[in-house]
Amino acid sequence: MNKSRMEAFSDGVLAIIITIMVLELRTPEGHEWRELARIWPVLLSYVISFLYVGIYWNNHHHLMLTVHRVSGGILWANLHLLFWLSLFPFVTGWAGESHFAAVPMTCYGFVALMCAVAYTILVRTIIRAAVSNHLLADATGRDLKGNVSIVGYLVAIVAPFFGHTGVIVSGLLLTAVALMWLIPDRRIERVLAQEGGVSAEQ
């Protein structure tokens, strides 16, 4: 199968997710700075979620550079990832409007975890689909950063059950993981460059 349709569909879904999140933002009722300060949790949750969606878009783009053959299994794995990403607007709005209450923060962490799991499943499915996709296997390696992220998400899910301090820890962990992935993963670019394939600028 041609991978271009899957890429185009994924880009469209991610663009819609970001659009939904920004449309959920409500303007302050008043015209003073204090009115804006009252909705800081909503703005902060939007910024963090925007980073997450942007990071997945970036990594998905690099991921598809290594793909030479797309199977039905890859299509379903990709849809599985998009399903969990599509829940970001829901948990973003809930966490922000509740001023980061315990249950919404746990749900946010759970969605973030499932996105990471779904991305890992997509990577493994691509590697198994064809020998021609071997570049991804070469680039992935032990995936230390991915494993650290999953541990961070697990702690972020459990931490809110331990009171206000736990909620703060959960928020800090979710932010830290996002910042950790803010720098693009260069492993795929290096492998492509070594193979003389697609340039890092593509």
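Predicted model: local features only at pLDDT ≥ 70, side-chain atom pairs only at ≥ 80, totals over all residues.

Start with helix 9, residues 164-182. It has 19 residues and reaches 27 Å from its first C-alpha to its last, close to the 27 Å expected at 1.5 Å a residue. Which residues of helix 9 are buried? They are Gly166, Val167, Ser170, Leu174, Val177, Ala178 and Trp181. These cover an arc of only 115° around the axis, so they sit on the same side of helix 9. The general point is that an α-helix has 3.6 residues a turn, so residues three or four places apart point the same way. His164, Thr165 and Leu172 are exposed, on the face turned away from the buried side of helix 9. The cover over the buried residues includes helix 3, helix 6 and helix 8. One more note on Trp181: Lys145 lies over the face of its ring, 4.4 Å from the ring centre.

Now the aromatics. The count is 9 aromatic pairs. One of them is Tyr46 with Phe50, a tilted pair at 6.0 Å centre to centre and 45° between the planes. Tyr46 and Phe50 are 4 residues apart in helix 3, which means about one helical turn between them. Tyr46 is buried at 16% relative accessible area, while Phe50 is partly exposed at 38%.

Trp84 and Phe110 form an edge-to-face pair, 5.8 Å centre to centre with 85° between the planes. This pair links distant parts of the chain, with Trp84 in helix 4 and Phe110 in helix 6, 26 residues apart. Trp84 counts as buried at 14% relative accessibility; Phe110 is partly exposed at 38%.

Last, ring pairs link Tyr52, Phe88, Tyr108 and Tyr153 into a cluster.

How values were computed:
Residues numbered from 1 in each chain as written. Heavy atoms only, no water. Helix = DSSP H or I, 4+ residues; strand = E, 2+ residues; numbered from the N terminus. Expected span 1.5 Å × (residues − 1). Buried < 20%, exposed > 50% of the residue type's maximum accessible area, 1.4 Å probe, protein only. Arc of directions from axis to C-beta. Contact = heavy atoms within 4.5 Å. Phe/Tyr/Trp six-rings, centres within 6.5 Å; stacked < 30°, edge-to-face > 60°. Lys NZ or Arg CZ within 6 Å of the ring centre and 35° of its normal.
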